[in-house]
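Subject: Structure handover and notes

Dear colleague,

Here is the structure, with the sequence alongside. My notes on a few places in it follow below.

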Amino acid sequence: MAFQDHFSYYGPTRLIMGRGTIGNIPQIVNEQQVKKAQIVTDRGLVQAGVVARVTEILDKSHIAYSIYDGVEPNPPIRNVEACAAQYQSENCDFLLAIGGGSSMDVAKTSGVLVNHGGKITDYFIGEKPVPGPIPFLLCVPTTYGTASEVTPFAVITDDNHFKGTVAGPHVIPDVGILDADMAVALPLPIAAATGMDALTHAIESYVSLMSNPISEGMALHAIRLISQNLRQAAYSDHNHEATQNMLIGSTMAGFAFSQTRLGNVHAMSHPVGGHYDVPHGIANSILLTRIMAYNRYACPEKFATIAIALGEDVDGLSAVDASVLAVEAVQNLSDDVGIPATLGEAGAKAEGIHVMAEDAMKSGNIQVNPRKTTIKDVIALYEESM
Ligand SMILES: [Fe+2]
């Protein structure tokens, strides 16, 4: 098992949590002395009246804003460029993301273009780093998945269907508002997918070769919160307590994986989303149990601890035997919230496995996966999941 005897921890996002906390936005804006928001969101949230809950508060406080509502799932480069152009033509001076990971990631990356110019692909990992701050960024997540409200990552799909990551401390949001009223009553498929994404973050971070005592504590409690609350949040339109716990669990997982990166699940799920538009959380959830089973011999004690966090009784079992219970508990949760059983059922095609495997191997997440992994392993895991 890896042990990080030297590590740092950095999580600067100010979090405000609880029902009705979007009411704090005017005070935050005034403290920051910014004048005009670029709201970054998607059309569905505008049509559902979710964005209006925030704009009513801005209107009452005479805070100006412009709305970019063109964010698409697995957001492409054109979203980032259009959002940045609108920010500039509307003379905005801060970003207010309302939505899931896609909206927050478009806000982060359009902020990079606004302040530093160029193309967003110039800033993908492996190219140049983001050289300095982006505009003030406040995030209001409406799902409990990506934790983009606290992470130094943004994922954008390029014209070759490759999901590139823009990363670094400058894209960490300044403020996150976790308001259960904004995320309660999600459609079941979105609740299921985003909740399983958050669980994947927590589990991958906990077993990452870069984990450390602080990230492990965050990840384990996230596993507890998510496994104890996802079913209730997903199947109820009014369970604010479960929804708030999911938002907190997702954010804690985000703090954890911000320090540790992720693992094979994310390395392999991004190509599935990039090539076949399978929702991120669905692809993760399908891959997660297969990859937990693949990884468990590399660190059985950690998987036994995950089993306990998932509520399993491991009394009298060896770590190797207990680790099986972790895989089974995650599969039960995934089944209970209606995740498809295979990548094929979710829309991916077996003929894409080799291209996806090549993309997966470009991910830095493979290097921190607890069991060493070759492209042959990745191909076999895709075949098993198809
Ligand atoms: Fe994710």
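Which residues does Asn 115 touch, not counting residues up to four places away in sequence? The model is a predicted one, and in it Asn 115 touches Gly 132, Pro 133, Ile 134 and Pro 135. Asn 115 lies in helix α5. Asn 115 counts as partly exposed, because it has 15 C-beta neighbours inside 10 Å, and a residue needs 20 or more to be called buried.

Val 112 also lies in helix α5. With 26 C-beta neighbours inside 10 Å, Val 112 counts as buried. Leaving aside neighbours within four places in sequence, the contacts of Val 112 are Ile 120, Tyr 123, Val 130, Ile 134, Val 166 and Val 171. Of these, Val 166 is 54 residues from Val 112 along the chain, and their C-alpha atoms are separated by 9.3 Å.

Helix α4

Helix α4 covers residues 77–89. Its 13 residues should span 18 Å at 1.5 Å a residue, and the end C-alpha atoms are 19 Å apart, which agrees. Buried in α4 are Asn 79, Val 80, Cys 83, Ala 84 and Tyr 87. These residues lie on the same side of α4, because they cover an arc of only 125° around the axis.

What do the buried residues of α4 pack against? The partners are strands β2 (36–40), β3 (64–68) and β6 (153–157), together with helix α5 (101–116). The face of α4 turned away from this buried side carries the exposed residues Arg 78 and Ser 89. Just after the helix, Asn 91 takes a positive phi of about 55°.

Helix α14

Helix α14 runs over residues 353–361, and its residues Ile 353, Met 356, Ala 357, Asp 359 and Ala 360 are buried. They cover an arc of only 160° around the axis, which puts them on the same side of α14. What covers them includes α10 (264–276), α15 (365–368) and α16 (375–385).

Ala 360 is a residue of α14 to look at in the viewer. Ala 360 is buried, with 25 other C-beta atoms within 10 Å. Apart from neighbours within four places in sequence, Ala 360 is in contact with Ala 267, Met 268, Pro 271, Ile 366 and Val 378.

Helices α7 and α11

The axes of α7 (residues 188–207) and α11 (residues 280–295) come within 8 Å and cross at roughly 35°. The crossing is left-handed. On the α7 side, the contact is made by Ala 193, Thr 194, Met 196, Asp 197, Thr 200, Ile 203 and Val 207. On the α11 side, the residues are His 280, Gly 281, Ile 282, Asn 284, Ser 285, Leu 288, Met 292 and Asn 295. By class, seven residues of the contact are nonpolar, seven are polar and one is charged.

Two loop residues with positive phi

As background, most residues other than glycine have a negative phi. Ala 147 is not a glycine, yet its phi is positive, at about 60°. Ala 147 is found in the loop between β5 (137–141) and β6. Ala 147 counts as buried, because it has 31 C-beta neighbours inside 10 Å.

Arg 261 is another residue other than glycine with a positive phi, near 65°. Where does Arg 261 lie? It lies in the loop between α9 (240–260) and α10. With 23 C-beta neighbours inside 10 Å, Arg 261 counts as buried.

Regards

Note on methods
Residues are numbered from 1 along each chain as its sequence is written. This is a predicted model: local features need pLDDT of at least 70, side-chain atom pairs count only at pLDDT 80 or more; totals for chains, interfaces and linings use all residues. Axes are lines fitted to C-alpha atoms, for helices over the stretch in contact, and angles run from 0 to 180 degrees between N-to-C directions. Helices (H or I, at least four residues) and strands (E, at least two) are DSSP runs, numbered from the N terminus. A crossing is left-handed if the near helix is turned anticlockwise from the far one by less than a right angle, and right-handed if clockwise. Two residues are in contact if their C-beta atoms, placed from the backbone, lie within 7 Å. Ala, Val, Leu, Ile, Met, Phe, Trp, Tyr, Cys and Pro count as nonpolar, Asp, Glu, Lys and Arg as charged, and the others, Gly among them, as polar. The expected span of a helix is 1.5 Å times one less than its number of residues. A residue is buried if 20 or more other C-beta atoms lie within 10 Å of its own, exposed if 12 or fewer, and partly exposed in between; C-beta atoms are placed from the backbone. The arc is that of the directions from the helix axis to the C-beta atoms.
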